[in-house]
Amino acid sequence: MYGWLNLASLVLGLIALILPIVNLTKEKKQENKNWVTLSIISISACSISLCFQIFYTYHKVTVEDWGALMDTMYAVAFASAALLLVTIILNVITLNVYRGRTAK
């Protein structure tokens with residue numbers, strides 16, 4: 001059951017990264033009126049992905065699997081920070097691209 005948290009975290013992390021890229025590639029083809037919705041979904045997917053990682057870490061603490069925690073925490077912390085940073089950067093770029101177009 002708890003193994004699914006890692007898979008769900010990975011899928012949501014990919015969604016969080018792909019949605020702003022989709023926003024930016026649609027920019028030149030047409031008027032993209034739902035960019036705010038896609039950005040909110042992207043940030044939400046990133047948040048839920050990080051929350052799933054926290055739940056999985058909590059599970060490992062409750063079952064006292066210290067070996068697994070010591071082996072994986074550096075990679076989990078690095079991947080979580082990278083996901084958060086890249087998601088924020090992509091959504092800020094999207095905001096800068098579409099900010100002036102929405103006011104028209």
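Q: So at what angle do helix H1 and H2 pack, and how far apart are their axes?
A: Keep in mind that this is a predicted model. Helix H1 (residues 3-26) and H2 pack at an angle of about 160°, and their axes are 8 Å apart.
Q: Is that roughly parallel or roughly antiparallel?
A: Roughly antiparallel, because angles over 145 degrees count as that, and H1 is placed that way relative to H2.
Q: And which hand does the crossing of H1 and H2 have?
A: The crossing is left-handed.
Q: What kinds of residues make up the contact of H1 with H2?
A: There are 16 nonpolar and 8 polar residues in that contact, and no charged ones.
Q: OK, switching to rings. How many aromatic pairs are there?
A: The count is 2 aromatic pairs. In one of them, Trp35 and Tyr98 are stacked, at 5.5 Å centre to centre with 15° between the planes.
Q: Which parts does that pair tie together?
A: Trp35 sits in helix H2 (residues 35-62) and Tyr98 in helix H3 (residues 66-102), so the pair links parts 63 residues apart in sequence.
Q: Are Trp35 and Tyr98 buried or exposed?
A: Both Trp35 and Tyr98 are buried.
Q: What about Tyr74 and Phe78, how are their rings arranged?
A: Their centres are 6.5 Å apart and the planes are at 15°, so Tyr74 and Phe78 are stacked. They're 4 residues apart in helix H3, which means about one helical turn separates them.
Q: And are Tyr74 and Phe78 buried or exposed?
A: Tyr74 and Phe78 are both exposed, whereas Trp35 and Tyr98 are buried.

Terms used:
Residues numbered from 1 in each chain as written. Predicted model: local features only at pLDDT ≥ 70, side-chain atom pairs only at ≥ 80, totals over all residues. Heavy atoms only, no water. Phe/Tyr/Trp six-rings, centres within 6.5 Å; stacked < 30°, edge-to-face > 60°. Helix = DSSP H or I, 4+ residues; strand = E, 2+ residues; numbered from the N terminus. Buried < 20%, exposed > 50% of the residue type's maximum accessible area, 1.4 Å probe, protein only. Axes fitted to C-alpha atoms, helices over the stretch in contact; angles between N-to-C directions. Parallel < 35°, antiparallel > 145°, perpendicular 65-115°, else oblique. Left-handed = near helix turned anticlockwise from the far one by under 90°. Nonpolar A, V, L, I, M, F, W, Y, C, P; charged D, E, K, R; others polar.
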